[in-house]
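The sequence and the structure come before the discussion.

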Amino acid sequence: MGLKSYTGRIYSEGERKYSYPFRVYSLPARDSLQGRLIISVPKKLFKRAVKRNLIRRRIKEAYRRNCGDYPDLRDKDLLIVYVSNRILDYEDISRFLAETMEKVR
């Protein structure tokens, strides 16, 4: 299954949670031992790829540092969509992501 069709499946079938600045779609992992993580930063909000990549890197690092606290999320496929129109610093992203992971649990 390609990434586009898989992302569409998570959008349509996944459970949705919203916690500023993220919208998270989760679905139980079915075809892998460990869940996947997909991070989306809309081009509509940030036209420059440099800014989108900066936000994506900050989210990846925050997830990597916080994922040990939520072992039950390793069995889920997650799609994290950044919905804020501001670039938040790493500390804020990390704090907000931890709050969001509590809701997704």
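Where is the place of P21? P21 sits in the loop between β1 (15-19) and β2. Helices (H or I, at least four residues) and strands (E, at least two) are DSSP runs, numbered from the N terminus.

The model is predicted: local features need pLDDT of at least 70, side-chain atom pairs count only at pLDDT 80 or more, and totals for chains, interfaces and linings use all residues. Residues are numbered from 1 along each chain as its sequence is written, and side-chain values use heavy atoms, with hydrogens and water left out.

**P21 and its surroundings**

The peptide bond from Y20 to P21 is cis, with omega near 0 degrees. With a relative accessible area of 0%, P21 is buried. Buried means under 20% relative accessible area, exposed over 50%, and partly exposed in between (1.4 Å probe, protein chains only). Neighbours within four places in sequence aside, P21 is in contact with V81, Y82, V83, S84, L88 and F96. Contact means heavy atoms within 4.5 Å.

**The nonpolar cores**

A nonpolar core is a set of buried Ala, Val, Leu, Ile, Met, Phe, Trp, Tyr and Cys residues joined through side-chain atoms within 4.5 Å. The largest one has 21 residues, and those touching the most other members are F22, I59, I80, Y82, I93, L97 and M101. Two or more residues of this core come from each of β2 (22-28), α2 (49-66), β4 (76-82) and α3 (90-104). The largest share, 5 residues, is that of α3. L97 touches F22, I59, A62, Y63 and I80, if residues up to four places away in sequence are not counted. There is also a second, separate core of 7 residues, which includes L27, I38, L79 and V81.

**The packing of α2 and α3**

Two packed helices are described by the angle between their axes and the distance between the axes. The axes of α2 and α3 come within 9 Å and cross at roughly 55 degrees, which makes α2 oblique to α3. Axes here are lines fitted to C-alpha atoms, for helices over the stretch in contact, and angles run from 0 to 180 degrees between N-to-C directions. Angles under 35 degrees count as roughly parallel, over 145 as roughly antiparallel, 65 to 115 as roughly perpendicular and the rest as oblique.

The crossing of α2 and α3 is right-handed. A crossing is right-handed if the near helix is turned clockwise from the far one by less than a right angle, and left-handed if anticlockwise.

On the α2 side, R58, I59, E61, A62, Y63, R65 and N66 meet Y90, I93, S94, L97, A98 and M101 of α3. The residues of this contact divide into 8 nonpolar, 2 polar and 3 charged. Ala, Val, Leu, Ile, Met, Phe, Trp, Tyr, Cys and Pro count as nonpolar, Asp, Glu, Lys and Arg as charged, and the others, Gly among them, as polar. Y90, placed in helix α3, touches R58, E61, A62 and R65, not counting residues up to four places away in sequence.

S26 is found in strand β2 and counts as buried at 6% relative accessibility. Residues up to four places away in sequence not counted, S26 touches G14, E15, K76, D77, L78 and V104.

Y18 belongs to strand β1 and, at 47% relative accessibility, counts as partly exposed. With the residues up to four places away in sequence left out, Y18 touches R23, V83 and K103. K103 lies in helix α3 and is partly exposed, with a relative accessible area of 46%. Leaving aside neighbours within four places in sequence, K103 is in contact with K17, Y18 and S19.

| Pair | Apart in sequence | C-alpha to C-alpha |
|---|---|---|
| P21 and T100 | 79 residues | 9.1 Å |
| Y90 and E61 | 29 residues | 8.7 Å |
| Y18 and V104 | 86 residues | 9.2 Å |
| K103 and K76 | 27 residues | 14 Å |
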